[in-house]
Amino acid sequence: HLLAQTDNIPAVKKHKFTIYGGVGPNLYFNNLVLAKDYVNELNYSFAGRFMWEPEHSLSLGVESGYYCLYTMDFKDQADATIKNFAIPIQIVISMKFLKTFYFNFSSGQTILLNKVSTSKYGNINASTLSLGDFAISIGYKHKMKNRVSLGVETKFFDSTKLEDKNIALLFM
């Protein structure tokens with residue numbers, strides 16, 4: 001009789017691939033020497049990950065995003081602004097612990113974008129590639145339904161090319 005009762009229970013399907021997306025504020029660690037007082041250190045970040053999550057605690061994936069590292073507005077020249085962005089393309093290793101918490105380490109390359117806008121000289125856009133960047137994060141996720149979770153993540157990002165660093169609070 002016990003075998004007949006378990007035949008009618010549907011099996012929970014395990015999914016091996018997961019997509020994460022997050023958005024939130026970030027804080028830039030101001031390392032600038034010139035014009036340090038003009039830097040807006042509070043900005044925003046977007047992040048996305050595609051992860052392979054087998055049935056054990058380690059996962060592997062790729063991550064990208066769009067981080068506004070800093071903006072600069074000059075008080076004496078109201079028409080001049082500088083914006084610096086990072087677009088990381090990184091490999092991620094993730095480890096779950098305590099059932100709902102996780103730790104990520106990611107490393108790879110980053111496209112750094114610098115946008116300068118002035119009414120006198122026009123727009124100047126420059127980009128460069130930073131080869132040895134990394135990020136670490138710790139997060140919490142709460143499972144809402146079989147395929148939907150909500151969470152929060154604290155991410156530290158370090159771009160080695162220009163020694164830019166920030167920390168973000170992402171709502172996933």
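**View 1. Pairing of β7 with β8.** Ten bridges connect β7 and strand β8 (residues 149–159), and the two strands run antiparallel. Strands here are DSSP E runs of at least two residues, numbered from the N terminus, and two strands pair if DSSP finds at least two bridges between them. The model is predicted: local features need pLDDT of at least 70, side-chain atom pairs count only at pLDDT 80 or more, and totals for chains, interfaces and linings use all residues. Residues are numbered from 1 along each chain as its sequence is written, and side-chain values use heavy atoms, with hydrogens and water left out. K141 has G151 in β8 as its bridge partner. Five residues lie between β7 and β8, which form a hairpin.

View 2. D133 sits in strand β7 (residues 122–143). Because its relative accessibility is 0%, D133 counts as buried (under 20% relative accessible area, 1.4 Å probe, protein chains only). Beyond neighbours within four places in sequence, D133 contacts (heavy atoms within 4.5 Å) Q90, S106, S107, G108, T110, F157, D158, S159, T160 and K161. S107 is 26 residues from D133 in sequence, with 5.7 Å between their C-alpha atoms. A polar atom of the D133 side chain lies 2.9 Å from the backbone nitrogen of T160.

**View 3. Pairing of β8 with β9.** Eight bridges pair β8 with strand β9 (residues 164–171) in the antiparallel sense. Opposite S159 stands D164 in β9. These strands, β8 and β9, form a hairpin with four residues between them, and E163 in the turn has a positive phi of about 55°.

Terms used
Buried means under 20% relative accessible area, exposed over 50%, partly exposed in between (1.4 Å probe, protein chains only). A polar contact is a pair of N or O atoms within 3.5 Å; within protein, one must be able to donate a hydrogen and the other to accept it, and residues adjacent in sequence count only if both atoms are side-chain atoms.
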